[in-house]
Amino acid sequence: MYPAMFTQSGLPYSFSALEPYIDTATMEIHYGKHHAGYVKNLNEILPDKNEVELEKILRNLDTLPEDIRSKVRNNGGGHFNHSFFWKIMSPQKSQPNQNVLSAINTTFGSLDGFKEKFVGAAMGRFGSGWAWLVKSGQNLEIVDTPNQDLPGGTPLLCVDVWEHAYYLKYQNRRLEYLQAWWNVINWSGISI
Ligand code: MN
């Protein structure tokens with residue numbers, strides 16, 4: 001049984017593990033302050049709920065009382081998205097498995113073609129948000145979401161393009177961050 005509270009899982013690697021692509025200070029603040037803050041707020045807003053219900057809650061926000069809806073959307077989405085984001089990165093270099101690669105090739109022509117479109121979506125997201133690779137039915141799609149909103153479909157990969165994810169090391173150079181980020185993708189954890 002899960003306790004009636006939201007909890008932040010430990011990072012599956014150290015704060016410095018993604019250096020030099022993602023710097024230690026960014027990871028400490030991102031995980032320890034930003035993500036931890038979303039979890040703390042969420043526990044205050046929904047004290048009797050837990051992890052297991054999170055995605056369902058976020059996909060049915062209109063069933064919540066109106067006065068907490070946007071707080072749950074932002075803090076719950078922040079918790080869900082970051083929990084996923086930490087898992088799709090790794091210091092261990094890996095390649096997409098055969099299924100994933102073949103789906104990417106079918107949809108985007110090649111892995112490079114996919115990366116180009118994905119970076120395009122991440123660059124095109126004005127202000128804060130995320131870019132995603134999702135499986136929707138039998139298809140792969142690249143989408144971007146504002147703030148802490150979830151995408152439709154089943155998320156396979158995501159990148160955080162809030163400035164807090166890259167500003168200390170890359171300042172305003174989002175493209176450089178995105179290009180570096182391909183080096184820390186945990187492809188071994190992605191299957192379809
Ligand atoms: Mn973030």
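Which residues lie nearest the centre of the largest pocket? Select Ser9, Phe80, Ser83, Phe84 and Lys87, the ones nearest that centre among 16 lining residues. Before going further, note that this is a predicted model, in which local features need pLDDT of at least 70 and side-chain atom pairs count only at pLDDT 80 or more, while totals for chains, interfaces and linings use all residues. Residues are numbered from 1 along each chain as its sequence is written, and side-chain values use heavy atoms, with hydrogens and water left out.

**Stop 1: the pocket**

Stay with the pocket and show its surface: the space in it is about 330 Å³. A pocket here is an open set of points on a 1 Å grid over the protein atoms alone, where a 1.4 Å probe fits, with protein on both sides within 12 Å along at least five of seven lines; lining residues have an atom within 4 Å of a point. The volume is the space filled by probe spheres set on the points, which are joined across faces, edges and corners.

Now colour helix 2 (54–59) and helix 3 (66–87), the elements that give two or more residues to the lining. Helix 3 gives the most, with six residues. Helices are DSSP runs of H or I with at least four residues, strands are runs of E with at least two, and both are numbered from the N terminus. Colour the lining by class and you will find seven nonpolar, six polar and three charged residues. Nonpolar covers Ala, Val, Leu, Ile, Met, Phe, Trp, Tyr, Cys and Pro; charged covers Asp, Glu, Lys and Arg; the others, Gly among them, are polar.

**Stop 2: the manganese ion**

Next, pick the manganese ion and display His30 (NE2), His82 (NE2), Asp160 (OD) and His164 (NE2), its protein donors at 1.9 to 2.1 Å. Donors are N, O and S atoms within 2.8 Å of the metal (3.2 Å for Na, K and Ca), and sites may look incomplete as water is not among the atoms. Along the chain the donors follow the spacing H-x51-H-x77-D-x3-H. His30 in helix 1 (residues 24–45) and Asp160 in strand 3 are 130 residues apart, a pair that links distant parts of the chain.

**Stop 3**

From Asp160, follow strand 3 (residues 154–160), where six of seven residues are buried.

Select strand 1 (residues 129–136) and look towards strand 3: six bridges join them, and strands pair if DSSP finds at least two bridges. Leu133 has Leu157 as its bridge partner, and Lys135 stands opposite Thr154.

On the strand 2 side, strand 1 pairs over eight bridges, with Val134 opposite Glu141. Finish at the hairpin between strands 1 and 2, where Gly137 in the two-residue turn has a positive phi of about 65°.

Terms used: Buried < 20%, exposed > 50% of the residue type's maximum accessible area, 1.4 Å probe, protein only.
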